[in-house]
Amino acid sequence: MNTAQWLGLFTGVLFGFLLQKGRVLRFDKQVGAMLLTDMTIFKFMLSAILVGMVGILWLSNMEIITLSHKPMNVGAVVLGGALFGAGWAIMGFCPGTSLGALGEGRWHAVFAILGMVAGAALYAELYPFFKATVLAWKDFGKIGLSESIHLSQWIILPLFWVGTIALFFWFEKKNL
Amino acid sequence: MKWKTEDGGWSPYLAGALVGLLAIASVLSTTQLLGKTSYLGASTTFVRAAGLFEQTIAADHVGSNEYFTKTKVRIDWQFMLVVGIVMGALISSTTDKSFRLESVPPTWEKRFGPSIGKRAAGAFAGGVIAMVGARLADGCPSGHGLSGMMQLSLSSFVALAMFFGVGVWVAHIVYGRGQS
């Protein structure tokens with residue numbers, strides 16, 4: 001294995017370990033989030049975003065790392081996001097957590113993983129069609145929120161923190 | 001607020017914050033060691049896995065497919081990251097005794113019964129739909145939900161709102177009747 005593969009494996013082991021410790025891999029946690037009865041996934045994801053955001057925006061500002069926005073292709077993000085949401089609700093796993101769920105013994109994740117590999121193969125066949133239709137509608141390119149609403153990221157960042165912390169207090173108050 | 005959950009897990013706030021630190025360490029280490037910043041993600045790996053599998057039966061077809069060519073079918077950093085997730089979850093769950101062999105999850109069973117066949121069909125069909133969507137949107141809850149949000153990407157805010165918005169709606173339709 002080369003350096004990239006070893007580094008990926010090492011990072012993945014830590015990622016899988018933390019996903020499992022946070023108890024976010026389970027079908028019932030994922031579907032519980034979508035039924036709005038269990039906020040574990042929201043608490044976990046938002047905590048990760050709050051911490052990661054500070055470091056990543058600062059490192060990119062210092063030009064130590066480069067940001068890599070995914071394109072704001074309207075049809076693709078809206079239609080793709082909707083399809084993902086529907087499939088996610090039925091499957092009860094997302095791509096990363098399906099593998100983790102397998103690791104903690106929830107072996108029915110195998111069917112989800114096989115379905116996703118089949119879905120990826122299907123997308124590769126449908127790509128020319130999507131490229132000529134949905135992907136061709138309107139693409140705003142690889143842009144950040146900050147450029148699109150003309151507000152400095154150093155204003156958005158503290159606002160995001162305050163809003164999220166308020167939400168956390170609300171979750172705890174409501175025992176969600 | 002407790003740091004440990006009742007079943008021996010960690011508070012989602014703590015585990016999540018540590019994933020935030022891991023995301024920072026990960027962009028730094030990939031930039032320094034590999035010369036290119038890579039962000040946590042998972043769904044592209046499914047394309048590479050599909051390509052690797054198809055190569056064993058129809059190599060020419062994979063070679064001539066535009067999407068496989070664009071994605072580059074190979075075992076890269078993210079592919080091994082995804083493999084690592086299985087190992088990390090296995091280590092964590094076996095050491096804190098939360099490892100369970102589960103064929104049908106409780107919420108599913110409450111609505112659709114204990115049939116493994118039904119669960120398999122649901123998981124497979126959901127997987128196909130979700131992955132077509134993730135490739136179209138160019139990311140999943142890892143790539144958009146975590147990495148994209150951390151960079152304040154416009155597309156990630158929209159994608160995450162669609163993931164959860166439609167997810168909440170469909171989950172209520174699918175499992176609604178099983179809920180008291």
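This is a predicted model: local features need pLDDT of at least 70, side-chain atom pairs count only at pLDDT 80 or more; totals for chains, interfaces and linings use all residues.
Reader: How many helices and strands does chain B have?
Author: Helices (H or I, at least four residues) and strands (E, at least two) are DSSP runs, numbered from the N terminus. Along the sequence, chain B reads α-α-α-α-α-α-α-α. The secondary structure of chain B therefore comes to eight helices and zero strands.

Reader: What is the secondary structure of chain A, and what are the spans of its C-alpha trace?
Author: Chain A has eight helices and zero strands, in the pattern α-α-α-α-α-α-α-α. Along its principal axes, the C-alpha trace of chain A spans about 45 × 45 × 40 Å.

Reader: What percentage of the residues of chain B is buried?
Author: Buried means under 20% relative accessible area, exposed over 50%, and partly exposed in between (1.4 Å probe, protein chains only). In chain A, buried residues make up 57% of the 176 residues. For chain B, with 180 residues, the buried share is 57%.

Reader: What percentage of the accessible surface of chain B belongs to carbon and sulfur atoms?
Author: Areas come from the Shrake-Rupley method with a 1.4 Å probe, and for residues only the protein chains shown count as cover. Chain A exposes about 7,200 Å², with 71% supplied by carbon and sulfur. Chain B has about 7,700 Å² of accessible surface, and its carbon and sulfur share is 65%.

Reader: Among contacts in chain B between residues at least 6 apart in sequence, what percentage joins residues at least 24 apart?
Author: A contact means heavy atoms within 4.5 Å. In chain A, residues 24 or more positions apart account for 62% of the contacts with a separation of 6 or more. The corresponding value in chain B is 48%.

Reader: Where does A:Leu36 lie, and what is its phi?
Author: A:Leu36 sits in the loop between α2 (27–34) and α3 (40–61) of chain A. This residue is partly exposed, with a relative accessible area of 44%. Most residues other than glycine have a negative phi. A:Leu36 has a positive phi, near 60 degrees.

Reader: Is B:Leu152, another residue with positive phi, buried or exposed?
Author: B:Leu152 has a phi near 55 degrees. B:Leu152 lies in the loop between α7 and α8 (154–175) of chain B. At 1% relative accessibility, B:Leu152 counts as buried.

Reader: Why is α2(A) largely enclosed, and which of its residues are buried?
Author: α2(A) is largely enclosed by the rest of the structure because six of its eight residues are buried. The cover over them includes α3, α4 and α5 (95–103) of chain A together with α5 (106–112), α6 and α8 of chain B. The buried residues are A:Phe27, A:Gln30, A:Val31, A:Gly32, A:Ala33 and A:Met34.

Reader: Which residues does B:Ser93 touch, not counting those up to four places away in sequence?
Author: B:Ser93 lies in helix α4 of chain B. Its relative accessible area is 0%, so B:Ser93 is buried. With that sequence limit, B:Ser93 touches A:Gln20, A:Gly103, A:Glu104, B:Ser98 and B:Phe99.

Reader: Which residues lie nearest the centre of the largest pocket?
Author: On a 1 Å grid over the protein atoms alone, a cavity is a set of points where a 1.4 Å probe fits but cannot get out, and a pocket is an open set with protein on both sides within 12 Å along at least five of seven lines; lining residues have an atom within 4 Å of a point. Grid points are joined across faces, edges and corners, and a volume is the space filled by probe spheres set on the points. The largest pocket has a volume of about 1,200 Å³. Of its 43 lining residues, those nearest the centre are A:Ser68, A:Lys70, B:Thr44, B:Arg135 and B:Asp138.

Reader: Which elements give two or more residues to the lining of the largest cavity?
Author: The whole structure has one cavity of 30 Å³ or more, and the largest cavity holds about 150 Å³ of space. It is lined by 14 residues, with A:Leu19, A:Met45, A:Cys94, A:Thr97 and B:Pro141 closest to its centre. The elements giving two or more residues are α1 (3–21), α3 and α5 of chain A together with α7 of chain B.

Key
Residues are numbered from 1 along each chain as its sequence is written. Chains are lettered from A and ligands numbered from 1 in the order in which they are written. Side-chain values use heavy atoms; hydrogens and water are left out.
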